[in-house]
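This note sets out points for a colleague who is reading the model alongside the sequence.

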Amino acid sequence: VFIGGIGERDNEDEVGDFFSQWGLVALVYRDKGVWGTVHFATREGALRLLGEGSVVFQRRRLEIKASDSKRMDEAERNDLVRRAVA
């Protein structure tokens, strides 16, 4: 799930903990900018979150959309795989 509006100070653990209320979070990828992706262990978790449209995290409204894997370039994809394996 694409998450827009993440702050520079938000770390992946905080983001993952927050989004776990919709389902088991398998992986959080946070770009150096203001977006990231949350990967759920099940499709149901992702669908529950997508049903929200937007959520408030640390007093900021975050944009929630279906992830478009084409947004990531090769380096970002490799970084995501490296983190998932670690």
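1. β2 and β3 form a hairpin, with 4 residues between the two strands. Helices (H or I, at least four residues) and strands (E, at least two) are DSSP runs, numbered from the N terminus. The two strands pair in the antiparallel sense over 5 bridges, where pairing requires that DSSP find at least two bridges between two strands. V28 stands opposite V38 in β3, and R30 has G36 of β3 as its bridge partner.

2. The model is a predicted one, in which local features need pLDDT of at least 70 and side-chain atom pairs count only at pLDDT 80 or more, while totals for chains, interfaces and linings use all residues. Residues are numbered from 1 along each chain as its sequence is written, and side-chain values use heavy atoms, with hydrogens and water left out.

3. The chain has 3 helices and 5 strands. From the N terminus on, these elements run β-α-β-β-α-β-β-α. Buried residues make up 40% of the 86 residues in the chain; buried means under 20% relative accessible area, exposed over 50%, and partly exposed in between (1.4 Å probe, protein chains only). The accessible surface comes to about 5500 Å², of which 50% belongs to carbon and sulfur atoms; areas come from the Shrake-Rupley method with a 1.4 Å probe, and for residues only the protein chains shown count as cover.

4. In what order do the strands of the open sheet lie? The order of the 5 strands is β2-β3-β1-β5-β4, with antiparallel pairing. β2 (25-30) and β4 stand at the edges with a single partner strand each, so one side of each has no neighbour in the sheet. On average, neighbouring strands are turned by 30 degrees against each other, direction ignored. For such angles, axes are lines fitted to C-alpha atoms, for helices over the stretch in contact, and angles run from 0 to 180 degrees between N-to-C directions.

5. α1 packs on this sheet, touching β1 (2-4), β2, β3, β4 and β5, and its direction makes about 135 degrees with that of β2. Contact means heavy atoms within 4.5 Å. In α1, V15, G16, F18 and F19 are buried. Seen down the axis of α1, these buried residues fall within an arc of 160 degrees, so they line one face of the helix; the arc is that of the directions from the helix axis to the C-beta atoms. The face turned away from the buried side of α1 carries the exposed residues D13 and D17. The cover over the buried residues of α1 includes α2 as well as β1, β2, β3, β4 and β5.

6. Which residues of α2 are buried? They are G45, A46 and L49. These residues cover an arc of only 95 degrees around the axis, which puts them on the same side of α2. The buried residues of α2 pack against β1, α1, β3, β4 and β5.

7. β4 and β5 also form a hairpin, here with 2 residues between them, and Q58 in the turn has a positive phi of about 50 degrees. The two strands pair in the antiparallel sense over 4 bridges, and S54 stands opposite E63 in β5.

8. L49 touches V1, I3, F19, W22, F40, V55 and I64, not counting residues up to four places away in sequence.

9. Y29 has its place in strand β2 and counts as buried at 4% relative accessibility. Y29 and H39 are 10 residues apart in sequence and 8.2 Å apart in space, C-alpha to C-alpha. For the chain, residues 24 or more positions apart account for 58% of the contacts with a separation of 6 or more.
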